[in-house]
Amino acid sequence: MTACAIEGGTAGAATTADPGPEESGEPEEPVGAEEAAEPEGRAAHWSDAPRAPGTFTLTADGAYGARLTAAPGAPGEQRAWYPERWTLDGPEPYAVPLPLHQPEEPDAQVVPLADGRVLIRRRVADRQMFSLLYPTGPATGELALGAVECDGMTLLPPSPDGSSVYGLSAGDHSSLLWLVAGAAFGPELVAEVPGHCSGGVWLDRAGRMLALDRQLPGGGPVKAVAVDLERNGEVTPLLQITPESDDRLLLADADSGLLLLRSDAPGHDRLGWGVLGSCLPVRFPECLRPADVAVTPFAVQPGQMLMPESCAVALRIDGAAGSWVGVWRPQGRRLHQLAAPEGWSAGAGYWSRDGVLHLPYVNAVTPCAVARIEAPGDDGWLPETGGTDGDASGTEPSAAAPPPVVCKPVPLGQAPLHRAASPD
């Protein structure tokens, strides 16, 4: 897809490049997030149920969510796990429990589809079994999809097409990519990728291009690659910062081409950003590594065509005090830290096109709700006018390199599959 270099270096450089001077400054302290309280949903009697050690998964458009939760009970009592679907695109959010005749195992995975059904993956002995669950009046309907014989499988984030779900079965020498929902006759093997793969980030809105983090057989660095699902799983390089660095893709926005990644190319593991199809180097903002916390991006503001630097990025911040929310824009170079709503499913959320962050949460008072947080402004950011790193504005250059070469971001749909990391 594209080869990326560290700012100040070149693609494929054998030595670690200095990410360059940047605004440093102390991060903000978490402040109270202004929330819009939502009316109660329909599953209030199970509001205090704990969550399984999985994640709250959202459809690509944020219309539905799904999680595995448990019925309430006395402290120490064994709980009965069951799937739960959230409807988020109506006037108020509400949750629908989807229990069956027997409880689920806590390691089951659930993924919502755009039509409101929920895919569930269950492990039974050495097989992975798949079904679609849906509410039918007071009961739960189940449509069995089939099974795959393998020891382990991870469901990838829902496809942007809303109807397909893929599962990744990773091995030491090769990894198998299965279409487990959306195939005509049960689970279908769509690609075998050499090496051990993990991750899973969609690069387009059609559900064709999938990014995976791959380590080749025999070891070596982990590199993000792009898998073309319409060309029999054809694999092309996506991130190559230095030959020896681990370069993992965390998030991608199809509208702007903004990429959020994690790499140890600067000498230690750091968060960075780049633009798909651009010859600009990858940058590693100093503000994205506050002390004594872990920072993980989980949502990018959509709809910012050709404006990757204006996209608001939501980040999960984990520290000794718990988990809270960070908001950052590439152009602002400032990490805003905000208090999360009580009971937030940490790392779950989505942006509206107008820059409002939606965070689902459950607590003893509210059984099903979404907090809405408007992205803070970056008042200190000034448009770049040809200055250099560390100039009086206190910001990095946010445009292309000075003349004679100007590199503009390329929309994902027009980005070439291979492109030089720097201009000729």
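Modeller: In this predicted model, β1 and strand β2, which covers residues 64–70, pair in the antiparallel sense over 2 bridges; two strands count as a pair if DSSP finds at least two bridges between them, and strands themselves are DSSP runs of E with at least two residues, numbered from the N terminus. Within this pairing, Leu 58 stands opposite Gly 65 in β2. Both strands belong to an open sheet of 4 strands, ordered β1-β2-β3-β4 with antiparallel pairing, and the edge strands of that sheet are β1 (57–58) and β4 (94–97), each of which pairs on one side only.

As background, the strands of a sheet pair through backbone hydrogen bonds, either parallel or antiparallel.

Another open sheet of 4 strands has the order β9-β10-β11-β12, again with antiparallel pairing. Here β9 (154–155) and β12 (188–194) stand at the edges with a single partner strand each, so one side of each has no neighbour in the sheet. Strand β11, made of residues 174–181, runs antiparallel to β12 and is joined to β12 by 6 bridges, and in this pairing Leu 179 stands opposite Glu 188 of β12.

As for how to read these values, residues are numbered from 1 along each chain as its sequence is written, and side-chain values use heavy atoms, with hydrogens and water left out. Because the model is predicted, local features need pLDDT of at least 70 and side-chain atom pairs count only at pLDDT 80 or more, whereas totals for chains, interfaces and linings use all residues.
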